[in-house]
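Me: I am new to this structure and would like to learn how to read it step by step. Could you take me through it, starting with the general idea each time?

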Amino acid sequence: MGAIRVLLATVGGNLFIVFGSAIFGTLAILGSWLPPKGRWVFWMAHWWSRGLLVCSGLRLEVEQTGPFDDSRSYVFMPNHQSLYDIPALIASLPLPAFFLAKRSLFHIPIFGWALKAGGFVSIDRHDRSDAKKAFARAVDNLNGGRSTVIFPEGTRSLDGHLLPFERGGFLMALKSCSAIAPVGIRGTLQVRRRGSWKVTPGTIRIRYGAPVETEDYRIRTRGK
C-alpha cells in the first residue's frame with residue numbers, strides 16, 4: 001500500500017505541476033489587472049498550492065504564535081529544504097505576500113509570466129547590479145504595504161540543517177521598518193528531495209513565529 005501511495009503522489013504531483021501551473025498561471029495572468037495589484041495573482045497561487053498539496057497526498061498543519069496585522073508589511077523568513085516549501089507557504093501565509101524568486105523561474109512559459117504579472121521580484125544573486133535593483137524593488141514593495149517572503153539561507157539545504165543566513169532579508173526589514181516573521185518548516189525534505197521526481201506523501205508542519213519589530217534597530221547596529 002505504501003508503494004502505491006508513493007506512486008500516486010509522484011504521478012499526481014508531477015502532473016499537477018505541469019498542467020495545474022498552466023491553468024492557474026493563465027488565470028493569474030488574465031486577472032492580473034484587477035486591483036489591488038498582485039492580489040488576484042496571489043489568490044490564484046494560493047489555490048494552485050492547495051491543488052498541488054492535495055494531488056501530492058500531503059497534509060498541512062499550521063501553527064501561528066503571533067498576531068499579524070494586514071494593514072502593515074512583514075518580511076517572512078522560512079528555512080528552505082524542498083520545492084514543496086513554496087506551495088506550503090503560499091497555502092498557509094496569514095496574509096498575501098510576494099516572493100523574491102530566482103530569475104530562471106521567470107523564464108518558464110506561463111508560470112514565469114504569472115510571477116511577473118503578480119509583482120514577484122526576480123533576482124540573480126550572481127549579478128551584483130541586478131541584486132541591488134531587486135533589493136530596491138523589494139524595499140519599495142514593503143514600503144507600499146506589501147509583505148515579502150525571502151529564504152535567508154539563499155538556497156535549499158540538502159540535509160535539513162540550517163545553512164548560514166544571508167543579510168538581504170534583514171536589510172530589507174531594516175530599510176522599510178518592517179517586522180521580521182520567522183517561519184519554521186518541517187517535513188518537506190522527506191516529500192521531495194532536490195534533483196528527484198519522487199513524491200512521498202505525508203504531513204508538512206509550518207510554524208509562524210511572533211513578528212520581531214525592527215523600528216528600534218539601525219543598519220549600522222544590526223550585529224549588536
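Reply: Let us begin with contacts: two residues are in contact when they have heavy atoms within 4.5 Å of each other. In this model, which is predicted, 74% of the contacts between residues at least 6 apart in sequence join residues that are at least 24 apart.

Me: Which helices and strands does the protein have, and in what pattern do they follow along the sequence?

Reply: The secondary structure comes to seven helices and seven strands, and, read along the sequence, the pattern is α-α-β-β-α-β-α-β-α-β-α-β-α-β. The radius of gyration is 17 Å, close to the 17 Å that the globule rule gives for 224 residues, so the protein is as compact as a globular protein of that length. The C-alpha atoms fill a box of roughly 55 × 40 × 35 Å, taken along the principal axes.

Me: How do I read the packing of helix H1 and helix H2, and at what angle do they pack?

Reply: The general idea is that angles over 145 degrees between N-to-C directions count as roughly antiparallel. Here H1 (residues 2-30) and H2 (residues 39-55) pack at an angle of about 165°, with their axes 8 Å apart, and the two helices are therefore roughly antiparallel to each other. H1 passes H2 in a right-handed crossing.

Me: Which residues of H1 and H2 meet?

Reply: An α-helix has 3.6 residues a turn, so residues three or four places apart point the same way. Among the residues of H1 that take part are Leu8, Gly12, Phe16, Gly20 and Phe24, while the residues of H2 that they meet include Trp40, Met44, Trp47, Trp48 and Gly51. The residues of this contact divide into 14 nonpolar, five polar and no charged.

Me: Is Thr188 buried or exposed, and which residues does Thr188 touch?

Reply: Thr188, which is found in helix H7 (residues 188-191), counts as buried because its relative accessibility is 0%. Not counting residues up to four places away in sequence, Thr188 touches Gln81, Ser82, Tyr84, Asp85 and Ile204.

Terms used: Residues numbered from 1 in each chain as written. Predicted model: local features only at pLDDT ≥ 70, side-chain atom pairs only at ≥ 80, totals over all residues. Heavy atoms only, no water. Axes fitted to C-alpha atoms, helices over the stretch in contact; angles between N-to-C directions. Helix = DSSP H or I, 4+ residues; strand = E, 2+ residues; numbered from the N terminus. Parallel < 35°, antiparallel > 145°, perpendicular 65-115°, else oblique. Left-handed = near helix turned anticlockwise from the far one by under 90°. Nonpolar A, V, L, I, M, F, W, Y, C, P; charged D, E, K, R; others polar. Buried < 20%, exposed > 50% of the residue type's maximum accessible area, 1.4 Å probe, protein only. Rg over C-alpha atoms; globule rule 2.2 N^0.38 Å.
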